[in-house]
Structures are given as structure tokens and as C-alpha cells.
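Reader: I am new to this structure. Could you walk me through a few of its features?

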Amino acid sequence: MNKKDPEIIIFACEWTPYIGADNAGVEMQQYSPFVRIIRVICTGQITPSNILTAFKNGADGVMIAGCEEGDCHYIVGNEKCIKVVEETKQLLKFSGIEPERLEIKLFTEVDGSTFASIVNKFVMKIRKMGKVQTEVSS
């Protein structure tokens, strides 16, 4: 990895999106090697602190990968996470970091090609934006 390669963190719900990530490997669908996936039980458990910590520890982009609205195994976890992402985008803006570096994607399919395609589009977007220039304080 060179200094221009973006570091991407993906918080992935263990249901649809994480299965999609697993299937990407099984289907030999490639996505960027600069992606680190953190498996979570549900996106509803993610807090602004989790996201800000990822940026503080060097992430150039963070994606939250959740289940489709109305299809959360924990009823409203993904709806809660949508609100957390919007709040955190405001905190990022206040910290001098572009809010576009944080995205939430809600997955309807578990096929690997869909997962890989969505992840690679996000990586390309972050690569165009460049590395984060501002440090996030805790």
C-alpha cells in the first residue's frame, strides 16, 4: 500500500451485507484491498463514537453496510443507524472532514458482485477525494 491508497473501514451488519462480503470471496469477486470490514451484529449498535474513532485511527472513508429498510432482523436497527450517520456527518463537517467520506448503504441482496461493486464505487470516490487532511479529536 502506498501513501495515496485510501484506507476504508466498513461496518457491516452480519446479516445481508456481511453475507454479501463473504459471497464476494466465494464468487471470486474482487474489491479493493484497502478495505477493512468490521462485522457488527446490527448497524443499530453503531455510535458516532465508533465512526469518529475509525477516522481518528486513519480511515479516509467509512461505509456502514446495513440491511434494507423494513428488513432489519432487529426491527429498526437500520433506521436508527440512518439517524446516527446523519448526526455524525454534522460532527465530521464541524471537524473539517468532508461528510461525503461517510456513507450508509442498505443491501437488498447477498450476492458478491453487488457487494463488490458498491464497495469499489465508494473506494473510487474516496480515492478521488484524497487522504483525510484533518485529524479527528476524541
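Author: Happy to; what follows concerns a predicted model, with a helix and a cavity as our topics.

Reader: Is Thr 16 buried or exposed?

Author: Let's start with its place: Thr 16 lies in helix 1, which covers residues 16-26. Beyond its neighbours within four places in sequence, Thr 16 is in contact with Cys 67, Phe 107, Thr 108, Glu 109 and Val 110. Buried means under 20% relative accessible area. Thr 16 has a relative accessibility of 10%, so it counts as buried.

Reader: How do the buried residues of helix 1 fall when seen down its axis?

Author: The buried residues in this helix are Thr 16, Pro 17, Gly 20, Ala 21, Asn 23 and Ala 24. Seen down the axis of helix 1, they line one face, because they fall within an arc of 165 degrees.

Reader: Which exposed residues does the face of helix 1 turned away from its buried side carry?

Author: On the buried side, the cover includes strand 1 (8-13), strand 2 (35-40), strand 3 (61-67), strand 4 (102-107) and helix 4 (112-129). The face turned away from that side carries the exposed residues Gly 25 and Val 26.

Reader: How many charged residues are in the lining of the largest cavity?

Author: The structure holds one cavity of 30 Å³ or more, and the largest cavity has a volume of about 30 Å³. Its lining is made up of Cys 13, Trp 15, Cys 42, Thr 43, Cys 67, Cys 72, His 73, Tyr 74 and Asn 78. By class, that lining of the largest cavity has six nonpolar residues, three polar ones and, as for charged residues, no such residue.

How values were computed: Residues are numbered from 1 along each chain as its sequence is written. This is a predicted model: local features need pLDDT of at least 70, side-chain atom pairs count only at pLDDT 80 or more; totals for chains, interfaces and linings use all residues. Side-chain values use heavy atoms; hydrogens and water are left out. Helices (H or I, at least four residues) and strands (E, at least two) are DSSP runs, numbered from the N terminus. Buried means under 20% relative accessible area, exposed over 50%, partly exposed in between (1.4 Å probe, protein chains only). Contact means heavy atoms within 4.5 Å. On a 1 Å grid over the protein atoms alone, a cavity is a set of points where a 1.4 Å probe fits but cannot get out, and a pocket is an open set with protein on both sides within 12 Å along at least five of seven lines; lining residues have an atom within 4 Å of a point. Grid points are joined across faces, edges and corners, and a volume is the space filled by probe spheres set on the points. Ala, Val, Leu, Ile, Met, Phe, Trp, Tyr, Cys and Pro count as nonpolar, Asp, Glu, Lys and Arg as charged, and the others, Gly among them, as polar. The arc is that of the directions from the helix axis to the C-beta atoms.
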